[in-house]
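Colleague: I'm new to this one, so could you walk me through how to read its helix packing and its inner spaces?

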Amino acid sequence: MIILPAIDLFQRKVVRMERGEEKSIILQIDNPCDLALFWYKKGAKALHLVDLEGAIRGEETNVDLIERIIKNTPIPIEVGGGIRSIEKIQKILSFGAWRVIISSFLKEDLSFLKNLKEKFQEKIIPSIDWKNRKISIKGWKEEIPWEEIKVKLEHLDFKEIIFTDISRDGTLKGIDKDLISFILENTSFYLWIAGGISSLEDLIKLKELNIKYNNRIKGVIIGRALLEGRIDFKEAERILLC
């Protein structure tokens, strides 16, 4: 497992929101480019970059900033948030992004998604933003039943997904071990886990799950806990790698 520090953009700053709600911004940092370089120098192998303005408002005010971060940070960066057109995927990939995170596309029919998968292959990764057995899309304002999404992803033979527990995202409540076990037990996907990771104990629990389920957790995405110093990056990396 590796650690992906999360960088969420809103109004051209790095922010942390509780459960993706604009009214619940709890932290702001002025220079996203500097933060990306900070995590690179700390030893991060890759970054998770999300345009919250794109996701919530459908605006594209951060695209140039995303380009600058990607081009000035010498590690792979996955990008999500407001990715609702093929042209947007192509634009982000043209900046040199590692891959593009897709969520709202998951409401499209199988034929459309099949073409999307064939066109971009491993350069796109589905994000499963989970809430009460439903998957939230379009800035977490619309929902699709989990079973419907699961059938699509399995039919299209996606190997990896990002799994976010919305109810815990940005809250520091810790992981829901039973929920993650449920996903591992009932699918064959490799997972990137996000949402609520708040302590080294959470990472130890995830490591135990990873062993139990044959190394199907590829990494963890951590935002607030790293920024607030609740998790030390080097110590977390040591726990996950040993």
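Modeller: Let's start with a pair of helices: H4 and H5 cross in a right-handed way. A crossing is right-handed if the near helix is turned clockwise from the far one by less than a right angle, and left-handed if anticlockwise. Helices (H or I, at least four residues) and strands (E, at least two) are DSSP runs, numbered from the N terminus. Bear in mind that this is a predicted model, where local features need pLDDT of at least 70, side-chain atom pairs count only at pLDDT 80 or more, and totals for chains, interfaces and linings use all residues. Residues are numbered from 1 along each chain as its sequence is written, and side-chain values use heavy atoms, with hydrogens and water left out.

Colleague: What angle do the axes of H4 and H5 make?

Modeller: Two packed helices are described by the angle between their axes and the distance between the axes. Here, H4 (residues 86–94) and H5 (residues 110–120) cross at roughly 15 degrees, and their axes come within 12 Å. The axes are lines fitted to C-alpha atoms, for helices over the stretch in contact, with angles running from 0 to 180 degrees between N-to-C directions. H4 and H5 are therefore roughly parallel (angles under 35 degrees count as roughly parallel, over 145 as roughly antiparallel, 65 to 115 as roughly perpendicular and the rest as oblique).

Colleague: Which residues of H4 and H5 meet?

Modeller: From H4 come Ile86, Ile89, Gln90 and Leu93, meeting Phe112, Leu116, Lys119 and Phe120 of H5; contact means heavy atoms within 4.5 Å. By class, that contact has 6 nonpolar, 1 polar and 1 charged residues. Ala, Val, Leu, Ile, Met, Phe, Trp, Tyr, Cys and Pro count as nonpolar, Asp, Glu, Lys and Arg as charged, and the others, Gly among them, as polar.

Colleague: How do H7 and H8 pack?

Modeller: H7 (residues 177–186) and H8 (residues 200–212) have axes 11 Å apart, at an angle of about 25 degrees. That pair is therefore roughly parallel, and the crossing of H7 and H8 is right-handed. Lys177, Ile180, Ser181 and Leu184 in H7 touch Lys205, Leu206, Glu208 and Leu209 in H8, a set with 4 nonpolar, 1 polar and 3 charged residues.

Colleague: And what about H8 and H10?

Modeller: The axes of H8 and H10 (residues 233–241) come within 9 Å and cross at roughly 20 degrees. H8 is therefore roughly parallel to H10.

Colleague: Now the spaces: how many cavities does a search of the whole structure find?

Modeller: Rolling a probe the size of a water molecule over the atoms shows where empty space is left. In this model, the search finds 2 cavities of 30 Å³ or more. A cavity is a set of points, on a 1 Å grid over the protein atoms alone, where a 1.4 Å probe fits but cannot get out, and lining residues have an atom within 4 Å of a point. The largest cavity holds about 570 Å³ of space, and 42 residues line it, with His48, Val50, Leu52, Asp129 and Trp140 nearest its centre.

Colleague: Which residues line the second largest cavity?

Modeller: Phe163, Asp165, Asp176, Leu179, Ile180, Ile193, Ala194 and Gly195 do. The volume of that second largest cavity is about 40 Å³.

Note on methods
1 Å grid on protein atoms, 1.4 Å probe; cavity = no way out; pocket = protein on both sides within 12 Å on 5 of 7 lines; lining within 4 Å. Points joined across faces, edges and corners; volume = space filled by probe spheres on them.
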